[in-house]
Structure formats: C-alpha cells, structure tokens
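Look at the structure below and read this report beside it.

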Amino acid sequence: MRSLYGVLPLVFLLAFSGNVMARDANKTAYPIVFAHGMAGFDDILGYDYWGDDYGVYVLDTCQWGEYYCNHDINSSQQSFVASVTPFQSSEQRGYELYQDIEGYLATTGHSYVNIIGHSQGGLDLRKAAKMLYENRGYTVVKYGISISSPHRGSPIAKYVFNLNPGVQSVLAALAEYFGDVIYGGGNDAYAALKQLVHDDIDPNDGITTGTKVFNQNNPRSATYVARSRSIITGQDNGYMNPALYLVKEAWTTIDGDGYATYDANNDGALGTGDGNPNDNDDDGLVGINSQQMGYRLEYWECGGCLDYIWAQTNTGFTGDLNAPDATQMTSHSWKVYQDHLDVIGVPPDTFDEMEFYAAITDYIADNGF
Amino acid sequence: MFLKSKAVWVIASVMLLSVMAIVMFAPSESGSKRTYVDKAANEAIRRAPEATLKQHGFGMPAGPLVEHEAEYEFTPEDVEFVDQVRERFARNMHVKHSQIKLIEQVINYLKAKYPDSWQGMVSAFLAELFPDMAEALVSKYEGLLAYNGWLETNRSDLRSMASADRRSALWAARYAAFGDDANQIWAMDIKNQQVRDALVFVNEAEGLSVNEKLSVYKESIEAAYGEQAEDFILSRQTELTGNFLSVESVQNQLHDMPAADRNAALRDIRLSLGMAPEAVDRWSGLDQKRDQKWQKGQEYMQERDRISREYQGEEREQEMAKLRNSSFEGEADTIKAEEDSGFYRYGNKRRIGRE
C-alpha cells in the first residue's frame, strides 16, 4: 500500500488540476550531477549511459522548437554528467568525481549540487561528498540519491574475482560483459571487483578493500550529504535484460533478501538469502539487501502523465550502511521492478528513462533542493 | 649543394606524407562544417543492411508473429490513458523518435495490465490513438519487436565485437528494422557519435597543435548540432571541455608545455567551448589551487618514499602519519584511507585541467 502521504500529492493534483498533462518536473534549486557506474563513462557498449535507448540525454533541456530533449523537465534545469575511470576502486573514482564537481562548480558559480549515482556511482558520490565538505568546509551535496547501488557488496563481483565456474579470467569476463572499454588506460579490473565485495577479499594483497571498509571511511552522513535516499531495483529472470539474464544463467543467481549482520552465506554481500533466489530479490547484479541508503524512494509510473517519486519511511532510515536492520535487508517495499540496466540507456527495454529522471528531478525540486 | 637539396627532399617528403595522412583521414563536408564520419561506409550499411549483418555473422531482425486482436473493448481506464497519451504526443507525432516513444508507452501500459497477452492489443491502441497513422505505427511496433528481439538474440556476440564493428552491426539492424526512419529514431546517437569520432581523430592526428585540435573538435560539434550547436555548447560546456582534456594526445601536449603556455591553452580551450570570462577566471583560481596541491603532493610522495626506505614497522607508520598530517591537515585521514586501499592520488600522472 502506498502511504497516505505518498498518495496525497497525486489526489490533490487530480482534484484541483483540470489537466494532468500540464504537469512538468519542477526545476531544482541546485544542479543535478550524474555519477555513472562501473564501465559507464558516457557510453556503455555503444549506448549512451544517461540517455534513453536512442541516445537522447535524460536531462537535455528543450530549447525553442527543439524536439530531441526531455519535454518533461523545466527548460532551464541544470545538470552535469561526470565521467570517472570506468573500472577502479571507489576511493579513486570518488576522488575523480569530486574533481569533476569542483570543475562544474567553477564553470557555473554554484555552491551546491544534488548527486544521482547509479550502481557504483552511489558509492562514489559518498566519497566525493566527503571531499567536497573537507575542501569547502560546508555541506555541498544536498540530495545524494543512489540507484541500484551495491552499498554492501555484490555477489557477482566475488563470483568473477574468484574465477568460479564459467569465468576463465577476470579481464575476459569483464570484457565479455562490458566490452573492450576494460582494456582502456587507467582501468584496474581487480581494484573494481575488490571494491564491490563486502569484506576484504584478499588479506594477503597488502591493501584493505571492500564496501565494509569503504562505508567506514566514507559513511552516509548528513555532514556530507544533507539528505540520502535510494532507489531499489529487482526483477525476475523472465523480464531481465538478456545481458543480466545470461549472468544468471551462466554464472550465478543471487539470493539477495536475507538478513544477517555479516556475510552469512559468504557470497560477497552483507547478509544472506532467504532460500529462494527467484523472488525478484536482485536486479541481476545487486541484491536488494545491499541497496538501501537513507530512506527508500517509491517510483510510481503514471500511464500518460509524468511519473512520481516519493520518499517512504516505513522501511526506516539506513544510517550506518554496514548495519541495516532486518527490514531494510529483507523488505521488497518500494522496489522498482526493473533490472540493473533498465534504468540507464542500455536496450532492449521499454522503460522510460526520460520520465524516470524527470520524476526524480521533480522530487528533488519539490523538496526544496 | 647536395646536402641542401637532400634536406629539401626530406622536408618535401615529410610534407607530402603529412598531406597524405590528412587526406586519408579527410573529414567530409557537412554544409560548411567538417565531420569525421565515414559516409560511404554508412551509406553502404543503409542501402544493404542484410549484407552488413551477414558480413558480421548475424541474421536479419525478425520479430515474433503478432496476432493483432480484431476487436478490443476499451475500458474507462483505457480511454483515460489514450486521451492523456494522445494529448502528450500529438504535437510531435511527425518525429519518428516520438512515434517509438509512444509505442513504448502503450507497451508499458498493456504489459502491466495484460502481462501474457499484451502483444496482440498494441495495434488496437495505436489505431485508437492516431487513426490516420495506424498503419505506420503498427509497422514501427513490429520493427521495434524485431529489433529488440535481434538485440536479445545477439547480445553476447555484440558484446565481444570491437566497437566500430558493433556500431556497424547495430546500424545495419536498425536500418533493417526501420528503414531510413532509423536516422530519425537514433538522431541523437548519430550526433553523439560524430563528436566521439572527432575526439578519436584528434587523438590520433599527428602534427596538430592543441589549438588546431580544438578547432577540429569544435567544428565537429557545430557540424553535428547545426543551429543548436551554440545552445548545446552552452549547456554542456563542462562535459565538452572535460572530454577534450581527456584526449591522451592533448594531455601529452599540455604536459610538454611551459606552465604559462599551458595556462593560456587551458584558458583558450575553456573560452572556446562556451565558458564566460568570469567562469574561466574561476577555473584559473581552481587551477592555481590544484597546482599548489600537486606540488605539495609530489613533495609528499618523495618524502613518503624516503620514510619507506629509512623506517620499519611501527616507527614507519608514525612517521607516515606525521607526514600526512603536516602535508594534508584536514584531508590526512582521507589520504590514509586511499593509501590503505591501494590508491595514491599523487602517484598517478596528473590529468591537466581536470585535477
């Protein structure tokens, strides 16, 4: 059930607006920065990362007479697409994201931003927000919204790193999955995978890696990000992007909705499973028990009108990312029934990325930032 | 005399080779602006997509045979949906991309309502929405099913291809599924690719100064975006600047410049890519801060090496901590966390203009 608070704005709108179609996303007070996930950049396998499936940027504003843009957003909405090393630890990617944001602030003269991070971008944004605070002395990031982020690890990362059945080599596996971007300069496939396993996967490599220590060093904190929110994704095999379905078929199936205070099933993510890996408990790469940061956001698709996003509080607030409670690790509430790649511009899917990001923009704007 | 004429020959040969190289990578003309797209190859794909697909080992896109429902009784909810969608899309229905987005909306609506039988009902909705365009829309719907099915079937093979081959195969499939309408459906993809191609060109072009590379880059943007180029540059100036500064050969040239020339080059790049003078001034201030940090960071790395050589165990850790605190003050803990994870921010080659 959608909460009363969630439905009220819609009821109000329907009751007092003669024309739902007139609603566009409001302009945010501060620009939106996009932080991409692993591989990412502005292009993943020839498709634009932050675009619809046909290459139109999701927050491209419409100028007079222009068609190829997002007609659901304010024509003066400001946004910035950051680009960091495709395969690296979040310590490095977060540092690079920070530098990109500093540059964007220099260009625009703004003092604050909102950040939307997809997948590993949700981890990177925390490091960047912390560095912005340390260097500027105030909380620069207003909203930090993660989408499908493995805050507490991904079983797929551990599976590939350990060369489990079906994986011949780390590089070959990532190249097969993400394309030849892995061979570009500056990439470190091992650092990227080690980052996305919860515990330190190799105690003998002389370094300390994983989401657990990253969360300790780069916590969710109102000091760094005024409001932390997350969008949880999960979908079952039949509807999954074929790339992710192949991961499930050829490698492993995540059982990602069980509670534990440690990696109880030793799959690389905090928590455990519930014994049923086929109940929409992961999005192909990340279990739902890894994804909540702060409050969850509900996404409501409106057939024929602009979609809606609301914050929901009934699963509580995940403050300490290494210690979510049982509800936050097991509840399917407000999960968006999409896979890991549907929410970015990787086809084939019919998910409306333009409306999705317009709705997030509207949510941020309506809540003052 | 002989030496002099030999030198002339060498210079002439070098010039000739340079001209040949430029001719081989010659940009094609688009209006008065240059683009870096292989138009002949693209035309071949457009004219004979089946041959291109065959060349890459793929079959033609072929969607499932859809049995369209002969009659469909619209519920009040359907009618409301149709009214809203019609109003939303009517203005742009002449654009093929808009037609595809409309079809996706209908599919999403019907999938949620009839998960097992939605395919056959789409045509009834399209006819109800825009009766005059029903035939064309149903054809697009079938093309979309075919193209998406082709992507699913060949996903694994597409992943393993070099990006240029993959692009060629994708475009062949798009032309096969949608004909020339593919150019409108993926219009932005074409523009984005033109700019990417220009960056590849400037990275590989030898003998061009940073300024000349910048001109090539800017012309490619203007060629791709036409009348909207100015708005595009203004709205995406930070990304465009960052992408240009990410080009390896540009970075190498900037690294080789004396500091004053490098600063002037950065200023020119930023102004040329649409930044206002006051924004460029803010960037100059940021550059200065970053220069100071990198100077300190490189000194730190040298001192760090010395401590590593001269100290062991707990004593080494204490010396390192002292060094971090004196070098970075408020960021010392962040630097330690980075180093514990294996990342040394001042150990990598600096990305001029980006950090």
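## Strands β6 and β7 of chain A

Strand β6 (residues 141–147) of chain A runs parallel to β7(A), and 6 bridges join the two. Two strands pair if DSSP finds at least two bridges between them. Helices (H or I, at least four residues) and strands (E, at least two) are DSSP runs, numbered from the N terminus. This is a predicted model: local features need pLDDT of at least 70, side-chain atom pairs count only at pLDDT 80 or more, and totals for chains, interfaces and linings use all residues. Residues are numbered from 1 along each chain as its sequence is written, while chains are lettered from A and ligands numbered from 1 in the order in which they are written.

Which residue stands opposite A:R229 of β7(A)? A:I145 does. A:R229 also stands opposite A:Y295 in β8(A). There, 2 bridges join β7(A) to strand β8 (residues 295–300) of chain A, and these strands run parallel. β6(A) also pairs with β5(A), in the parallel sense, over 5 bridges. In that pair, A:I115 stands opposite A:G144 of β6(A).

## How covered are these strands?

A residue is buried if 20 or more other C-beta atoms lie within 10 Å of its own, exposed if 12 or fewer, and partly exposed in between; C-beta atoms are placed from the backbone. In β6(A), 7 of the 7 residues are buried, so the strand is largely enclosed by the rest of the structure. Strand β7 (residues 225–231) of chain A has 5 of its 7 residues buried, so it too is largely enclosed by the rest of the structure.

## The whole sheet

These strands belong to an open sheet of 7 strands in chain A. The order is β4-β1-β5-β6-β7-β8-β9, with mixed pairing. At the edges are β4 and β9 (308–312) of chain A, each pairing on one side only. Neighbouring strands are turned by 25° against each other on average, direction ignored. Axes are lines fitted to C-alpha atoms, for helices over the stretch in contact, and angles run from 0 to 180 degrees between N-to-C directions.

Helix α10 (residues 353–366) of chain A packs on the sheet. It touches β1 (32–35), β5 (113–118), β6, β8 and β9 of chain A. Its direction makes about 55° with that of β9(A). Two residues are in contact if their C-beta atoms, placed from the backbone, lie within 7 Å.

## Where chain A meets chain B

The contact takes 50 residues from chain A and 54 residues from chain B. Several elements of chain A give two or more residues to its side: β4 (79–81), α2 (90–108), α3 (121–136), α5 (170–178) and α8 (242–250). The largest share, 10 residues, comes from α2(A). The side of chain A divides into 22 nonpolar, 18 polar and 10 charged residues. Ala, Val, Leu, Ile, Met, Phe, Trp, Tyr, Cys and Pro count as nonpolar, Asp, Glu, Lys and Arg as charged, and the others, Gly among them, as polar.

α2(A) has 19 residues and reaches 26 Å from its first C-alpha to its last. That is close to the 27 Å expected at 1.5 Å a residue. The expected span is 1.5 Å times one less than the number of residues. The helix is mostly covered, with 18 of its 19 residues buried. Just after α2(A), A:G109 takes a positive phi of about 80°.

## Chain B

Chain B has 18 helices and 2 strands. Of its 355 residues, 30% count as buried.

Helix α10 (residues 187–204) of chain B has 18 residues and reaches 26 Å from its first C-alpha to its last, close to the 26 Å expected. Its buried residues include B:M188, B:F201 and B:V202. What covers the buried residues of α10(B) includes α11 (210–225) of chain B.

## A helix pair and an exposed residue

The axes of helix α15 (residues 259–272) and helix α16 (residues 277–310) of chain B come within 10 Å and cross at roughly 145°. By class, their contact has 4 nonpolar, 2 polar and 3 charged residues.

B:Q318 has its place in helix α17 (residues 313–328) of chain B. Is B:Q318 buried or exposed? B:Q318 is exposed, with 12 other C-beta atoms within 10 Å.
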